[in-house]
Amino acid sequence: MRLLFVEDNAALQTTVARSFERRGIQVLGFSEGRPALERWRAQPPDVVLLDLSLPDIDGLELLSAARAAQLTTPVIILTARGTVGDRILGLNLGADDYMPKPFDLDELEARVRALARRSRGAGGAPSAGGAHDDEAFCGLRVDADSGAIYHLGLPLDLPPREAALLRALLGRPGQAVAKERLTEIVFADDLDVQPDAVEVVAYRLRKRLPADSARLVTLRGLGYLLKAPD
């Protein structure tokens, strides 16, 4: 699942991205509305999280422009502007849900997944770019709803950190993911993590991957990638 997050608070953007990516949801963040709208047009995501108070354009104006351009991606408005008038206006302009700040990350994730399921059930097309969560790579697949990982249809039993690493790599199979980025995802809840901690997780994951599935390859100076077996 791919999420477009339009939010000018860098700390909040980082917190949501780290939490969601660890749960198998890819997050693309923008601090301004206009470039976010261009990306939305070029590569429609599965769900959009939209703040109303943006530095370059009001969030409601951005939403109106997106709907006028026939962009049907489900939208959740996240804002500290919690007046009933703003909420009604946002819903009338085409928002699908509304959450006031501060919000609970678990509740937000549940709403994101519910909207994505509803959109797919209504015949929504998969978003462009990259491998979709429901596609398998070497028999490995991430369930878009639960974040569970399957191998040849059977659930793969992995500890949380190994599972987070594998989900991150399955988001870009065959492509290198930087060690620093993986550390942010795998250790999203640990502010005092050692620089080489992700190497230990990668070592453990490599031993747990089924022999007939993908290989976990270390690229010195670049990071890690999943590769089809030779």
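# Reading the labels on this model

Visitor: Where does Pro 102 lie?

Guide: Pro 102 lies in the loop between strand 5 (97-100) and helix 5 (105-121), where helices (H or I, at least four residues) and strands (E, at least two) are DSSP runs, numbered from the N terminus. What you see is a predicted model, in which local features need pLDDT of at least 70, side-chain atom pairs count only at pLDDT 80 or more, and totals for chains, interfaces and linings use all residues. Residues are numbered from 1 along each chain as its sequence is written, and side-chain values use heavy atoms, with hydrogens and water left out.

Visitor: Which is the peptide bond from Lys 101 to Pro 102, cis or trans?

Guide: The peptide bond from Lys 101 to Pro 102 is cis, with omega near -5 degrees. As background, most peptide bonds are trans.

Visitor: Why is Gln 70 called exposed?

Guide: Gln 70 has a relative accessible area of 63%, and the word exposed applies over 50%, whereas buried means under 20% and partly exposed is what lies in between (1.4 Å probe, protein chains only); Gln 70 is therefore exposed. Gln 70 lies in the loop between helix 3 (59-68) and strand 4 (75-79), and has a positive phi of about 65 degrees although it is not a glycine.

Visitor: What makes Ala 148 partly exposed?

Guide: The relative accessible area of Ala 148 is 27%, which places this residue in the partly exposed class. Ala 148 lies in the loop between strand 6 and strand 7, and it touches Arg 141, Val 142 and Asp 143, not counting residues up to four places away in sequence; such a contact means heavy atoms within 4.5 Å.

Visitor: How do you know that strand 6 and strand 7 pair?

Guide: Two strands pair if DSSP finds at least two bridges between them, and strand 6 and strand 7 (residues 149-151) have three, in the antiparallel sense. One of the partners is Ile 149 in strand 7, bridged to Val 142. These strands belong to an open sheet of three, in the order 6-7-8, where strand 6 and strand 8 (154-155) stand at the edges because each has a single partner strand.

Visitor: What makes helix 6 mostly covered?

Guide: Nine of the 11 residues of helix 6 are buried, including Glu 162, Arg 167 and Leu 170.

Visitor: How many residues has the largest nonpolar core?

Guide: A nonpolar core is a set of buried Ala, Val, Leu, Ile, Met, Phe, Trp, Tyr and Cys residues joined through side-chain atoms within 4.5 Å, and the largest such set here has 27 residues, with Ile 149, Leu 165 and Leu 216 among those with the most contacts inside it. The largest share of this core, seven residues, comes from helix 6.

Visitor: Why is helix 7 called roughly perpendicular to helix 8?

Guide: The axes of helix 7 and helix 8 come within 9 Å and cross at roughly 80 degrees, where axes are lines fitted to C-alpha atoms over the stretch in contact and angles run from 0 to 180 degrees between N-to-C directions. Angles under 35 degrees count as roughly parallel, over 145 as roughly antiparallel, 65 to 115 as roughly perpendicular and the rest as oblique, so helix 7 is roughly perpendicular to helix 8. Lys 179, Leu 182, Thr 183 and Val 186 in helix 7 meet Val 198, Glu 199 and Val 201 in helix 8.
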